[in-house]
Amino acid sequence: MLYHAYELQRSFLSSASAMATLGANMLNSPFNPMTYLGGQPMMASALEVFAHAAAPYGKPSFGIETVDIDGTASAVHEEIVLERPFGDLLRFRHEQLPADAPRLLIVAPMSGHYATLLRGTVARMIPGHEVYITDWADARDVPLSEGRFDLDDYIDYLIGFLEHIGPGAHMLAVCQPSVPSFAAAALMSADKHPCRPKTLTMMGGPIDTREAPTDVNTMATKRPLAWFEHNVIAKVPFQYKGAGRKVYPGFMQLTGFMSMNLGNHMMSHWEMYKHLVAGDGESADAAKDFYDEYRSVCDMTAEFYLQTVENVFQKHSLPKGEFMHRGKRIDPEAITDIAMLAIEGERDDISGLGQTRAALTLAPKLPKAKKKYLMAESVGHYGIFNGSKWRERIAPVVEDWIAAHN
């Protein structure tokens, strides 16, 4: 009933949002006599903020059409190069990119948001790299006939994507996929796979959540796995292609993250309202753009979610040397030639300091020259991969690391 109740509420709020938008447009119309009465800007702005907060959101587009190369605009071509039921492989190339440019696979998190959450990450790396990204599907749109998708499948997808890209690629994992990306690197190293990545960059990832545990980590450990299975897992309603599939709904994930910083989100909407009243549309649009992306959520399969909670947050399987892939123990010591860069944000409230850096100690046979750690000062979780600090302070370190081992 959880999913059905949400759909009913969403339908109601969608209608209310449309009515609020209509009201705001009428109040702002120069042909409406009320426009010239006192209080109109406040009433219209309040309606506009409500309309934005209540509006339904679908899958956004990357919308990266050009990049600046030495002062000239170079057209960017986006295409699907490999289609899979639970996620496609996208490629971005600009017209002036050299044929020998490094190939970079960006592994987007499967954590309730679409890959477009990393739009800023992709856009910053496009000028000097042939960029690929995992475009995970919304589980509610994948028919039951396509079978399950669990943590083992996630790792297999990563290996398959690297095989498609070919030897010599680099891999960058943002947040949650740091664990399966590390696992894929270890498996490919053990097999001496020719397509294993040259470098693995992990950003704000929960490699060892015993280090500086955050509220997210605590939430996952203070309840047994059965609690999550019985309280946050729902079946997809009949109106979607994946009807009957058990999922962890994206709206549940979003609710959890919003409640963690509810005060900040309320203040953001209050500031949006004040910008609209003052006629500062540019500042209001910036806030709208952020929430348009932040509130665009998707479902993940129940088996993937529950296995991640169990192995990453409750059992700490990877740092304990107990992480398994299809019955085979993953051996971090197999990593001997994949240069690893661990990046953390000083103010990260999702993955605490030390959780990502732990990856560097798990590969004792990897030479020190192939290990690097960066702690980005005054940077939160989102700022690691988006915004000015990512573009100006963090991305150059990633670029230099890739270039040094290309």
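Which residue of β10 is the bridge partner of V247? That partner is T301.

Before going further, keep in mind that this is a predicted model, where local features need pLDDT of at least 70, side-chain atom pairs count only at pLDDT 80 or more, and totals for chains, interfaces and linings use all residues. Residues are numbered from 1 along each chain as its sequence is written, and side-chain values use heavy atoms, with hydrogens and water left out.

Back to the strands. Helices (H or I, at least four residues) and strands (E, at least two) are DSSP runs, numbered from the N terminus. Two strands pair if DSSP finds at least two bridges between them. Strand β9 (residues 246-248) runs antiparallel to β10, and two bridges join them. They belong to an open sheet of three strands in the order β8-β9-β10, with antiparallel pairing. β8 (234-235) and β10 (300-301) are at the edges with a single partner strand each, so one side of each has no neighbour in the sheet.

Now look at β6 (residues 170-174). Five of its five residues are buried, where buried means under 20% relative accessible area, exposed means over 50%, and partly exposed is in between (1.4 Å probe, protein chains only). In a regular strand the side chains alternate between the two faces of the sheet. Here, H170, L172 and V174 point one way, while M171 and A173 point the other way. Strand β6 also has these pairings:

| Partner of β6 | Sense and bridges | Residue pair |
|---|---|---|
| β7 (residues 199-203) | parallel, four bridges | L172 with T201 |

Next come two loop residues. Most residues other than glycine have a negative phi. C175, in the loop between β6 and α5, has a positive phi of about 65° although it is not a glycine. C175 counts as buried because its relative accessibility is 13%. A212 is in the loop between β7 and α6 (215-221), with a positive phi of about 45°, and it isn't a glycine either. At 37% relative accessibility, A212 counts as partly exposed.

Finally, the helices. α4 (residues 151-165) and α5 (residues 178-190) pack at an angle of about 60°, with their axes 9 Å apart. That makes α4 oblique to α5 (angles under 35 degrees count as roughly parallel, over 145 as roughly antiparallel, 65 to 115 as roughly perpendicular and the rest as oblique). The contact (heavy atoms within 4.5 Å) includes Y154 and L158 of α4 and A184 and L187 of α5.

Definitions and conventions. Axes are lines fitted to C-alpha atoms, for helices over the stretch in contact, and angles run from 0 to 180 degrees between N-to-C directions.
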